[in-house]
Amino acid sequence: MRDIILACVGGIIALAGGVYLARLLYYKKFGVIAKAEVVDSKSVLRYRGIGLIGRLMRVAKRVSHYTHIMKYELDGKTYEAEDKAGYTQPLKIGSTHLILCDPKNPKKFKFEADVSRHITIAAVLVVMALIFMARFLLLK
């Protein structure tokens with residue numbers, strides 16, 4: 001019974017990785033390449049921990065990640081959209097980057113360099129999850 005449960009966990013991880021991989025491959029195959037310029041950068045703050053010092057409450061703030069407003073042209077139209085990548089360092093304002101836009105919704109995009117790297121990572125995740133699943137289903 002334990003082996004079946006562990007095999008199911010491996011299957012669920014493989015399925016989730018497969019869905020993510022399919023989405024990345026969609027961007028790689030059907031995405032429209034555009035050159036985008038960083039026009040703004042915003043830090044996203046996260047609040048962590050509550051400490052009592054005397055009668056004062058303190059909440060620690062720290063920068064979690066940065067989002068960027070990207071400006072790009074696609075099919076003669078200019079778009080400004082916020083990225084969803086969440087980089088730990090801000091991109092330089094005015095710098096240009098290649099992005100892959102969703103042809104159905106041009107306001108959705110992914111950085112081209114990230115897509116290539118994440119395809120490799122997701123493929124390895126799926127393969128390892130399938131091996132994990134097979135180990136508990138086949139080897140007893």
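Okay, let's start with one side chain: serine 95 reaches the backbone oxygen of lysine 92 at 2.6 Å. The side chain of serine 95 also makes a polar contact with the side chain of histidine 97, at 3.0 Å. By polar contact I mean a pair of N or O atoms within 3.5 Å; within protein, one must be able to donate a hydrogen and the other to accept it, and residues adjacent in sequence count only if both atoms are side-chain atoms.

Quick word on what you're looking at. This is a predicted model, where local features need pLDDT of at least 70, side-chain atom pairs count only at pLDDT 80 or more, and totals for chains, interfaces and linings use all residues. Residues are numbered from 1 along each chain as its sequence is written, and side-chain values use heavy atoms, with hydrogens and water left out.

Back to serine 95, which sits in the loop between β3 and β4 (96-101). Setting aside neighbours within four places in sequence, serine 95 is in contact (heavy atoms within 4.5 Å) with Ala36, Glu37 and Val38.

Now the whole chain. How many helices and strands does the protein chain have? There are 2 helices and 5 strands, and from the N terminus the order is α-β-β-β-β-β-α. Those are DSSP runs, numbered from the N terminus: helices are H or I with at least four residues, strands are E with at least two. Of the contacts between residues at least 6 apart in sequence, 64% join residues at least 24 apart.

On to the helices. The axes of α1 (residues 2-30) and α2 (residues 112-138) come within 8 Å and cross at roughly 160°. That makes α1 roughly antiparallel to α2. The axes here are lines fitted to C-alpha atoms, for helices over the stretch in contact, and angles run from 0 to 180 degrees between N-to-C directions. Under 35 degrees counts as roughly parallel, over 145 as roughly antiparallel, 65 to 115 as roughly perpendicular and the rest as oblique. For a residue pair to look at, take alanine 134 in helix α2: its C-alpha atom is 7.0 Å from that of alanine 7, 127 residues apart along the chain.

Next, histidine 68, in strand β2 (residues 56-74). Is histidine 68 buried or exposed? Histidine 68 counts as buried, at 0% relative accessibility. The cut-offs are under 20% relative accessible area for buried, over 50% for exposed, and partly exposed in between, with a 1.4 Å probe and protein chains only. Buried residues make up 28% of the 140 residues in the chain. The side chain of histidine 68 reaches the backbone nitrogen of leucine 91 at 2.9 Å, and its contacts beyond four places in sequence include Val38, Asp40, Tyr87 and Pro90.

Over in strand β1 (residues 32-53) we have arginine 46, partly exposed at 42%. Its C-alpha atom is 5.7 Å from that of arginine 62, 16 residues along the chain.

Most residues other than glycine have a negative phi. Phi of aspartate 75 is near 55°, a positive value, and aspartate 75 is exposed at 77% relative accessibility.

Last, cysteines. Cysteine 8 is partly exposed at 44%, while cysteine 101 is buried at 0%. How many disulfides does a search of the whole structure find? The search finds 0, a disulfide being a pair of cysteine sulfur atoms within 2.5 Å.
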